[in-house]
Amino acid sequence: MPAEVNESLATLSDQLILATVLLYLAAMICYALDLAFGRARTVVAVRRRQLVGAGGPALPEDTTGDTTEDPGPQPAAWAVRAGTIGVVLTWIAWAGNLGGILTRGIAVDRWPWANMYEFVVAICFAAVTAFLALLIRQPIRFLGAFVTVTAALGLGFAVLFLHVQAGPVMPALHSYWIAIHVTAAIVASGLFILAGVCAILYLIRKDGRPSVLPSREGLERVAHRAIVISFPIWTFAVIAGALWADRAWGRYWGWDPKEVWAFVTWVVYAAYLHARATAGWRGKAAMVVSLVAFACLLFNLVGVNIFFSGLHSYADVPK
C-alpha cells in the first residue's frame with residue numbers, strides 16, 4: 001500500500017522552494033553590488049621572458065605575472081556590507097532549500113529525489129552547499145553572484161517545467177540504493193556545477209585588463225579542486241548505480257541512455273584529470289575540456305530524461 005501523502009507538508013515544501021528562489025535572487029543582487037563596487041579592480045600583468053639565441057632575435061615566451069591593484073576608485077563600504085548581507089541571505093535560502101527537501105520527503109514518507117523536480121531541487125541545494133562550505137575556508141565570495149543565480153534559475157526551471165505533485169513512486173525506487181546512488185550523484189553534481197561556473201568565468205576573464213574577478217590561475221585552482229573532490233564521488237555513484245541495476249533488473253549494464261551518458265561524463269572528466277596530471281595541461285585547454293565534461297553532465301542530468309526513453313523514464317517529466 002502506498003503511503004498517504006501529507007498534503008499540508010507537501011504544500012509547505014512548494015512554498016519553501018518558491019521563497020528560496022526569491023532569497024537566492026536577493027542574495028545574487030547583494031553579491032553583484034559587492035562584485036561591482038566592493039572589490040578593488042586588479043590587473044594580472046603578463047611578463048615576457050626573452051629567449052635569445054646566438055645572434056638571433058629575441059623569442060617571447062608568455063608567462064603569467066603578478067596581480068596588482070588598478071589605481072581606480074576604492075571599494076565602497078556599503079557595497080562590502082551588501083556582500084556580507086548576501087552571505088547571510090544565502091545561508092537563509094540554503095535553510096529554506098533544505099526545509100523544502102525535508103518537508104517533501106516527510107510528506108511522502110520516502111527519499112525526496114525520486115523524480116526530476118526533486119532531483120533538480122536537490123542538485124541546486126548541493127551546489128550552494130559546496131559554495132558555502134568552501135567559502136568558510138577560502139575567499140571565494142566573488143562566486144556568490146554566479147552560484148546563487150545558477151541555483152535560482154535551476155529552481156525556477158524545476159518549479160515551472162518539472163514540478164509534479166508529491167506522491168508515491170514506482171516499486172523499483174523503494175530501495176535503500178536510492179539513498180546511496182542518487183545521493184552520491186547529487187553531491188558530485190553540486191561540486192561539478194561549482195567547477196563549471198569557475199571554468200566559464202575563466203574564459204570570460206582576460207588577464208592584462210582591470211577586473212573585479214581574481215586571476216585566471218585562481219579560478220582554475222578552485223575549479224580543479226572541486227573536480228578532484230567530486231570525481232571519486234561520481235565514480236562511486238556510477239558503480240552504485242550498476243549494483244542497483246543488477247538488483248533491480250538483473251544486469252549491471254544495459255546501454256540505457258542514462259547509463260551511457262553517466263559513463264560518458266565520467267570519461268570526459270577522467271580525460272581532464274589525466275591530461276592535467278600527465279601531459280601538464282593548464283589554462284584554457286584544460287578549462288575547455290572541463291566545460292565539455294560539464295555539458296555532458298547537464299545533458300545526463302536533465303536532457304536524457306527529456307529527450308530519451310529508457311529504464312530511467314520514471315523520472316516524471318511533465319509533458
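Which residues form a nonpolar patch on the surface, and how much accessible area do they have together? The notes below take the overall layout first and come to this in point 3.

1. **Basis of the model.** This is a predicted model: local features need pLDDT of at least 70, side-chain atom pairs count only at pLDDT 80 or more, and totals for chains, interfaces and linings use all residues. Residues are numbered from 1 along each chain as its sequence is written, and side-chain values use heavy atoms, with hydrogens and water left out.

2. **Layout.** The chain has 8 helices and 2 strands. Both are DSSP runs numbered from the N terminus: helices are H or I with at least four residues, strands are E with at least two. Read from the N terminus, the order is α-β-β-α-α-α-α-α-α-α. Of the 319 residues in the chain, 48% are buried. Buried means under 20% relative accessible area, exposed means over 50%, and partly exposed lies in between (1.4 Å probe, protein chains only).

3. **Surface patch.** The nonpolar patch on the surface is formed by Ile239, Leu243, Tyr252, Trp253, Trp255, Phe263 and Val267. Together they have about 740 Å² of accessible area. Helices α6 and α7 are the elements that give two or more residues to the patch. Patch members have over 30% relative accessible area and no salt bridge; nonpolar side chains (Val, Leu, Ile, Met, Phe, Trp, Tyr) are joined within 5 Å, like charges within 9 Å. Areas come from the Shrake-Rupley method with a 1.4 Å probe, and for residues only the protein chains shown count as cover.

4. Val267 is found in helix α7. It is partly exposed, at 36% relative accessible area. Trp255 is in the loop between α6 (216-249) and α7 (257-278). Trp255 counts as exposed, because its relative accessibility is 65%.

5. **Positive phi.** Most residues other than glycine have a negative phi. Trp255 has a phi near 55°, a positive value in a residue other than glycine. Asp109 also has a positive phi, near 55°. Asp109 sits in the loop between α2 (77-108) and α3 (116-137). With a relative accessible area of 60%, Asp109 is exposed.

6. **Salt bridges.** How many salt bridges does the structure hold? There are 6. A salt bridge here is a side-chain nitrogen of Lys or Arg within 4 Å of a carboxyl oxygen of Asp or Glu. One of them joins Arg141 and Asp34, with the closest N and O atoms 3.1 Å apart. Arg141 lies in the loop between α3 and α4 (144-162) and Asp34 in helix α1 (residues 7-37), so the pair ties together parts that are 107 residues apart in sequence. Arg141 is partly exposed at 24% relative accessible area, while Asp34 is buried at 5%.

7. **A linked set of charges.** Glu118 forms a salt bridge with Arg104, the closest N and O atoms being 2.8 Å apart. This pair links distant parts of the chain: Glu118 is in helix α3, Arg104 is in helix α2, and they are 14 residues apart. Both Glu118 and Arg104 are buried. The two also belong to a network of salt bridges with Asp14 and Arg110. Elsewhere, Arg251 and Glu259 meet in a salt bridge (3.0 Å, N to O). Glu259 is buried, with 10% relative accessible area.

8. **Core.** The largest nonpolar core has 85 residues. Phe131, Ile140, Leu143, Ile186, Trp234 and Tyr269 touch the most other members. Helices α1, α2, α3, α4, α5 (177-204), α6, α7 and α8 (284-307) each supply at least two residues. The core draws at least three residues from each of domain 1 (1-41 + 76-169) and domain 2 (173-314). A nonpolar core is a set of buried Ala, Val, Leu, Ile, Met, Phe, Trp, Tyr and Cys residues joined through side-chain atoms within 4.5 Å. Domain bounds come from an automatic or database domain assignment.

9. **A contact to check by eye.** Leu173 is in the loop between α4 and α5. At 8% relative accessibility, Leu173 is buried. Leu173 and Ala248 are 75 residues apart in sequence and 9.1 Å apart in space, C-alpha to C-alpha.

10. **Cysteines.** The structure holds 0 disulfides, a disulfide being a pair of cysteine sulfur atoms within 2.5 Å. Cys124 is buried at 7% relative accessible area. Cys296 is buried at 11%.
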